Amino acid sequence: MSEQTTQEDAHALVGAYVLDALDPGEREAFERHLAACPDCQAEVPGMRAAAARVAATAYVRPPAHLKSAVLAQVARTRQLPPVVTAVSAPVALAWWRRPLALAAAVVVLAAAALSAVLGVQLHESRQREAQIAAIIAHPEVSREVALRGGGSATLDVAGGRAVVRMRGAAAPPSGRVYELWVVPSAGSPRPAGLMDSGSGGALVKQVTGAKALAVTVEPAGGSERPTLPPVVVLTV
Ligand SMILES: [Zn+2]
């Protein structure tokens, strides 16, 4: 029983060990355990890599909700119950340090997962920007149409994809958004995303077979079907 408890305590120190959060005595004891524990040996490289990824991607500004998400995760994570027999064990942590070591490990893992998500999002947004730039540089179709209410919208089409940009357009009324639609030759318009009147352009990935693209003003969050007449129709 005591032997079993000692092993579990030692395993639980992997996170703190990787974060260099053990004092010298604990560190020495854990390294003795590590030398004889295949489980911990297998775990250390992965946790080191996760910690390194967090450091390497630290320049990505984390979204505002990160702190609360991590704190919520820490709050939900169940602490190990205190084990009295472990007090005399060689690598037992003081009762108040065990939750800290666990919380530190949870933070590292949460941050690693978040940095992976941010990396994918960054990659996708760069890919989108590159596609938009390529279409604008060599359009097969390019037209500009005046917007009802001032400003204009530009359509560029290349390789079955399209970019729609709005220039000098008024911001939509409060609580409303611009929504882009693909208008097929037959059938109902398909939603193609929300438009920011001030952004670099909206990418529509599939316009083959479409008759036109249209923009309407919709309630915040967008609609499944246009609810108002379009402010502009761009023939493909
Ligand atoms: Zn172990």
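## The aromatic pair

Phe30 is buried, its relative accessible area being 0%, where buried denotes under 20% relative accessible area, exposed over 50%, and partly exposed the range in between (1.4 Å probe, protein chains only). This report concerns a predicted model, in which local features need pLDDT of at least 70 and side-chain atom pairs count only at pLDDT 80 or more, while totals for chains, interfaces and linings use all residues. Residues are numbered from 1 along each chain as its sequence is written, and side-chain values use heavy atoms, with hydrogens and water left out.

The structure contains one aromatic pair. Tyr17 and Phe30 form this pair, which is tilted, with 4.7 Å from centre to centre and 40° between the planes. The pair links distant parts of the chain, since Tyr17 belongs to helix 2 (residues 14-18) and Phe30 to helix 3, 13 residues apart. Rings of Phe, Tyr and Trp (its six-membered ring) are paired if their centres lie within 6.5 Å; planes under 30 degrees apart count as stacked, over 60 as edge-to-face, and the rest as tilted. Tyr17 is also buried, at 8% relative accessibility.

## Overall architecture

The protein chain comprises six helices and eight strands. Read from the N terminus, its elements follow the order α-α-α-α-α-α-β-β-β-β-β-β-β-β. Helices (H or I, at least four residues) and strands (E, at least two) are DSSP runs, numbered from the N terminus.

Of the 236 residues in the protein chain, 34% are buried. Among contacts between residues at least 6 apart in sequence, 58% join residues at least 24 apart; a contact here requires heavy atoms within 4.5 Å.

## The zinc site

Four protein donors surround the zinc ion at 1.9 to 2.3 Å: His11 through ND1, His33 through NE2, Cys37 through SG and Cys40 through SG. Donors are N, O and S atoms within 2.8 Å of the metal (3.2 Å for Na, K and Ca), and water is not among the atoms, so sites may look incomplete. In sequence, the donor residues show the spacing H-x21-H-x3-C-x2-C.

The site is tetrahedral, with angles of 102 to 118° among the four donor atoms. Four donors are assigned as tetrahedral if all angles lie between 85 and 135 degrees. For comparison, the ideal angle for four tetrahedral donors is 109.5 degrees.

## Salt bridges

Five salt bridges are counted, each defined as a side-chain nitrogen of Lys or Arg within 4 Å of a carboxyl oxygen of Asp or Glu. Asp20, Arg27 and Glu31 are linked in a network of such bridges. Within this group, the side chains of Arg27 and Asp20 meet at 3.0 Å, N to O; Arg27 is partly exposed at 26% relative accessibility, and Asp20 is exposed with a relative accessible area of 55%.

Helix 3 (residues 24-36) holds both Arg32 and Glu28, four residues apart, about one turn of the helix. Their side chains form a salt bridge of 3.8 Å, N to O. Arg32 is exposed at 52% relative accessibility, as is Glu28 at 51%. Arg165 and Asp156 form another salt bridge, with the closest N and O atoms 2.9 Å apart. Here Arg165 is buried, with a relative accessible area of 16%, and Asp156 is buried at 2%.

## Thr216 in strand 7

Thr216 lies in strand 7 (residues 210-219) and is buried at 2% relative accessibility. Its side chain makes a polar contact of 2.7 Å with the side chain of Trp181, and the side chains of Thr216 and Glu218 are likewise joined by a polar contact of 2.7 Å. A polar contact is a pair of N or O atoms within 3.5 Å; within protein, one must be able to donate a hydrogen and the other to accept it, and residues adjacent in sequence count only if both atoms are side-chain atoms.

Leaving out residues up to four places away in sequence, Thr216 touches Val177, Tyr178, Glu179, Trp181, Pro226, Leu228, Pro229, Pro230 and Val231.

## Gly168 in a loop

Gly168 occupies the loop between strand 3 (161-167) and strand 4 (176-184), and is exposed at 68% relative accessibility. Apart from neighbours within four places in sequence, Gly168 is in contact with Gly150 and Gly151. Gly168 and Ser197 are 29 residues apart in sequence, with a C-alpha to C-alpha distance of 7.9 Å.

Definitions and conventions: Four donors count as tetrahedral if all angles lie between 85 and 135 degrees; four count as square planar and six as octahedral if opposite donors are over 155 degrees apart and all others between 65 and 115; anything else is irregular.
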